[in-house]
Amino acid sequence: MSSDKFKINFPMKENKRSLNTTLFILSLGFILILMRGLGSGSSIEITENEIMDHIRYLSHEDRGGRYPGTRESKDVISYLVRELKSYGVKPGAGNGAYVQPFNITNGIELGENNSLILNEDSLQIQSDYIPLWFSGNGTVNAPVVFAGYGFEIDDEKLKWHDYSNLDVKGKWVIVMRHSPERDKQHSLFTAHSGLHKKMLIARDKGAVGIIFISQLEDDNLYPLKYISGYKNGGIPAIHLSNETADKLLKKVGWTRQTIQETMNKSRESISFELPNTFFSAQVTLNQIQIRAANVVGLIQSGNRKYRNEFVVIGAHFDHVGFGGIGSGSRQSDTVAVHPGADDNASGTAGLLEIAQKLASQKNRLKRSVLLLGFDAEEKGLLGAKYFVEHPSVDLENIVAMLNMDMIGRMADSAFTIGGVGTSPLFEPLLDSLSLGKQYNISLTKPGYGPSDHAAFYGKDIPVLFFFSGFHDEYHKPMDTWELINLGGEKEILNLVYDVVTHLARMPNRPVFTEAGPKQGRMRQASKFKVTFGIVPSYSSSKEGLEVDAISKEDGPAAKAGIKKGDVIQSMNGKSIKDIYEFMERLGELESGMTIPVTINRNGTEMELIVSF
């Protein structure tokens with residue numbers, strides 16, 4: 001830009017003193033403008049225009065839906081860092097950095113060495129067979145037996161034993177998918193019909209591999225897809241194509257149709273050995289890792305007494321990318337940019353606006369403020385979980401965590417604040433700060449919720465969750481900036497700012513109180529007849545089930561001596577490799593039972609006795 005536009009012309013006869021005076025006045029005015037804009041005790045207000053500027057950038061199609069690990073996500077991270085720097089916010093991730101990187105597993109793929117040979121016939125991967133997502137890696141050459149549906153059920157209302165009088169040790173087991181009641185709602189077979197459950201039973205019986213064949217109603221091959229939480233199953237698990245399965249069974253006088261119809265009608269197992277039949281398999285599956293990152297900024301208080309205590313403000317910046325099956329999109333048949341303007345460009349914009357205002361008034365703060373932009377929230381709060389396990393400040397010095405997720409669609413002048421039961425301070429504080437405001441707040445007490453604050457609540461940190469409500473555009477391509485209620489979001493942000501400044505200035509930190517469970521309900525929770533009394537770690541990479549916390553001080557686990565950080569490796573003599581195997585084992589237990597539980601504690605294996 002040319003400087004000629006700012007050239008000042010003075011009359012030729014004006015004396016030097018007048019010129020100097022004029023320059024001084026102009027300079028002073030310029031300095032005052034800078035002081036007004038950059039702080040020096042004055043406030044930079046939260047504005048609707050700046051909120052929208054941030055949301056439009058974050059939700060623009062060029063951001064590609066902000067999927068973790070992508071170039072577009074890295075652009076967003078750079079944007080957040082650049083904005084925080086411009087406000088004078090210091091790096092807060094440690095070692096002078098704004099970014100806290102971490103790896104997450106994003107998928108699964110076939111490795112270089114995969115083969116399956118039936119006697120002397122080589123089968124083609126992805127046309128004749130496919131390994132399943134929980135398959136173990138390795139090489140197995142063994143004879144083959146058929147074990148019906150692969151059930152081992154001995155309930156009061158249902159009994160079915162496919163392994164009776166069948167020796168499967170050191171052999172491949174072939175089983176049929178589903179059950180005799182695949183389309184019946186509330187079938188007693190449902191809890192026993194999962195592929196992973198059937199693999200566990202075969203593995204417990206001593207099988208070295210499991211092969212699944214389809215019912216007549218099934219498509220050809222089960223797709224290889226990544227499902228979070230599953231680890232290497234220990235034995236190869238393979239699905240045969242319908243054509244290959246039919247050829248195999250024809251040699252022993254059976255077909256998939258006759259087996260399925262006979263078992264479904266008689267409600268009795270069909271099991272047999274396949275003489276002179278060997279499968280030789282090599283399975284190699286590789287997990288796909290991507291690099292995600294949290295953004296961490298610090299507004300450091302100058303107060304010597306309180307500056308090492310922190311109020312945390314957080315919002316996740318990731319979304320579901322282009323959607324598609326397994327992405328979390330509610331329109332999974334459409335591959336298109338999911339802008340995520342409300343979820344959660346709105347919360348991220350709010351984080352930046354509050355950061356700017358707080359930085360302009362940091363001399364008012366007694367406690368310091370930590371600003372956290374979380375990545376990979378949509379994948380299971382992975383960024384927040386990583387931070388609480390690798391915090392850049394002592395977690396005991398975090399006095400409260402405020403989370404903003406989907407705050408851009410306030411309707412009917414109402415929104416929700418969750419977690420108010422996690423400290424007795426919160427409800428009266430919010431009542432006081434919202435007095436006379438032109439909106440209504442719905443207060444909910446539980447500290448656990450479907451967003452990043454849940455990770456902090458699990459660490460006994462008081463939390464508040466600001467949320468304007470679900471809508472039909474949630475997790476769809478239609479969640480765009482045009483639908484944002486700017487006035488409503490500004491109201492929420494002003495309240496968040498007031499809460500933060502109050503918490504940062506009050507003499508006593510909020511007292512934590514437990515408000516509801518510290519975890520969500522486990523899948524298939526209704527089948528459990530007993531509770532263990534622990535909070536599982538959903539993000540642990542260790543083989544087994546790592547205990548994230550003890551949820552019941554008088555529960556079975558606590559009474560047996562199990563502690564936070566222990567890794568449960570087996571229950572009742574049955575091995576456990578991940579949280580899904582733990583749930584399957586737990587589902588087998590009943591009240592009144594006493595079982596041995598093997599744990600690993602800091603590298604030392606020990607056996608404890610647990611009573612239910």
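Two rings of Phe, Tyr or Trp (its six-membered ring) make a pair here if their centres lie within 6.5 Å. With that in hand, open the model, which is a predicted one, and start with the aromatics: the structure has 23 such pairs.

**Stop one: Y57 and Y79.** Select both. Their ring centres are 4.0 Å apart and the planes meet at 15 degrees, so this pair is stacked. Y57 belongs to helix 2 (residues 48-58) and Y79 to helix 3 (residues 71-87), so the pair ties together parts 22 residues apart in sequence. Y57 is partly exposed, at 22% relative accessible area, while Y79 is buried, at 8%.

**Stop two: F151 and W160.** Here the centres are 5.9 Å apart and the planes stand at 90 degrees, so you're looking at an edge-to-face pair. Both residues are buried.

**Stop three: a ring cluster.** Now pick W133, F134, Y222, Y230 and Y580, which ring pairs join into a cluster.

**Stop four: charges over rings.** Show R56 with W481: the charged end of R56 sits over the ring, 4.1 Å from its centre. Then try K357, whose charged end sits over the ring of Y497, 4.2 Å from the centre.

**Stop five: helix 6.** Select residues 256-266 and highlight R256, I259, Q260 and M263, which are buried. They span an arc of only 95 degrees around the axis, which puts them on the same side of helix 6. Among the elements that the buried residues pack against are helix 5 (242-250) and strand 12 (271-283). Just past helix 6, look for R267, with a positive phi of about 55 degrees.

**Last stop: V208.** Find V208 in the loop between helix 4 (195-204) and strand 10. The residues V208 touches include V140, W172 and I235.

Definitions and conventions. Residues numbered from 1 in each chain as written. Predicted model: local features only at pLDDT ≥ 70, side-chain atom pairs only at ≥ 80, totals over all residues. Heavy atoms only, no water. Buried < 20%, exposed > 50% of the residue type's maximum accessible area, 1.4 Å probe, protein only. Helix = DSSP H or I, 4+ residues; strand = E, 2+ residues; numbered from the N terminus. Arc of directions from axis to C-beta. Contact = heavy atoms within 4.5 Å. Phe/Tyr/Trp six-rings, centres within 6.5 Å; stacked < 30°, edge-to-face > 60°. Lys NZ or Arg CZ within 6 Å of the ring centre and 35° of its normal. Lists of a residue's contacts leave out its neighbours within four places in sequence.
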